[in-house]
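Have a look at the fold before reading on.

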Amino acid sequence: FASHLLHHCHQYIGSVMLKNETLPIALAVSVVAAGILYWFARQNTGKTSKKDPAAKGKKFDKTAVEGTRVGRENNRHDEDGARLIAGCVVVRKNNKGESEYLAISSSKEPSKCIFPKGGWENDETVEESAKRETLEEAGVVVVLGRQLGWFDTSSAKSKTKLCMFEATCVEERADWAETDRQRLWLTAGELRTRAKYPYMLEAVAKVAR
């Protein structure tokens with residue numbers, strides 16, 4: 001609108017000069033139009049469209065992290081229909097020489113913790129699944145040790161079986177797919193008070209043997 005008005009003002013100034021009318025009037029009109037144009041420019045500076053996702057912030061996209069998978073359509077199931085999942089009991093020593101176990105906060109009960117684990121998919125081995133899920137959920141790269149066995153982790157809503165591995169941490173990353181979860185290193189005593197599921201303590205007991 002302002003640029004359109006300024007254009008007409010310039011046309012008016014030209015006609016005034018051709019007709020030898022008073023030039024100061026024409027200049028005054030031009031100054032007013034320029035002022036309006038400047039005001040419009042200031043009003044629109046720095047505005048962001050309401051439809052621009054950047055204006056409201058974007059929800060973190062897990063698929064933006066390399067190797068991260070979402071959805072359950074490719075999960076494996078056993079002959080009884082139980083969904084097969086894999087995870088790790090990652091162990092390290094603290095400065096007192098005590099064993100500490102990697103856990104992550106439960107999204108539903110933040111005061112409780114769980115081990116990193118997730119669906120075993122069709123195009124990977126169970127070992128690859130355990131390492132991938134540990135990286136996705138806890139941001140930790142691991143080297144696997146022995147298999148600790150299969151645990152029945154079924155609930156009232158679904159049937160699941162979990163394969164757990166003992167593992168060693170080789171890298172802790174500052175950024176990972178599920179940074180909304182808190183990464184924790186807990187001693188066996190701390191884990192006893194915070195473990196969400198009984199199988200966790202059974203798995204730790206197998207590691208300690």
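**The whole chain**

Keep in mind that this is a predicted model. The chain has 209 residues, and 36% of them count as buried. Among contacts with a separation of 6 or more, 66% are between residues 24 or more positions apart.

Strand 1 spans residues 83–93 and is mostly covered, with nine of its 11 residues buried. Here's how it pairs up:

| Partner of strand 1 | Sense | Bridges | Example pair |
|---|---|---|---|
| Strand 6 (residues 160–172) | parallel | nine | leucine 84 and lysine 161 |
| Strand 4 (residues 117–119) | antiparallel | three | glycine 87 and lysine 117 |
| Strand 2 (residues 99–105) | antiparallel | three | arginine 92 and glutamate 100 |

Strands 1 and 2 form a hairpin with five residues between them, and there glycine 97 has a positive phi near 85°.

**Serine 129**

Is serine 129 buried or exposed? It counts as buried, because its relative accessibility is 0%. This serine belongs to helix 4, residues 126–138. Its side chain reaches the backbone oxygen of glycine 119 at 3.3 Å. Setting aside neighbours within four places in sequence, serine 129 is in contact with Ala86, Gly118, Gly119, Trp120 and Glu124.

Note on methods: Residues numbered from 1 in each chain as written. Predicted model: local features only at pLDDT ≥ 70, side-chain atom pairs only at ≥ 80, totals over all residues. Heavy atoms only, no water. Buried < 20%, exposed > 50% of the residue type's maximum accessible area, 1.4 Å probe, protein only. Contact = heavy atoms within 4.5 Å. Helix = DSSP H or I, 4+ residues; strand = E, 2+ residues; numbered from the N terminus. Polar contact = N/O pair within 3.5 Å; in protein donor to acceptor, adjacent residues only side chain to side chain. Pairing = 2+ DSSP bridges.
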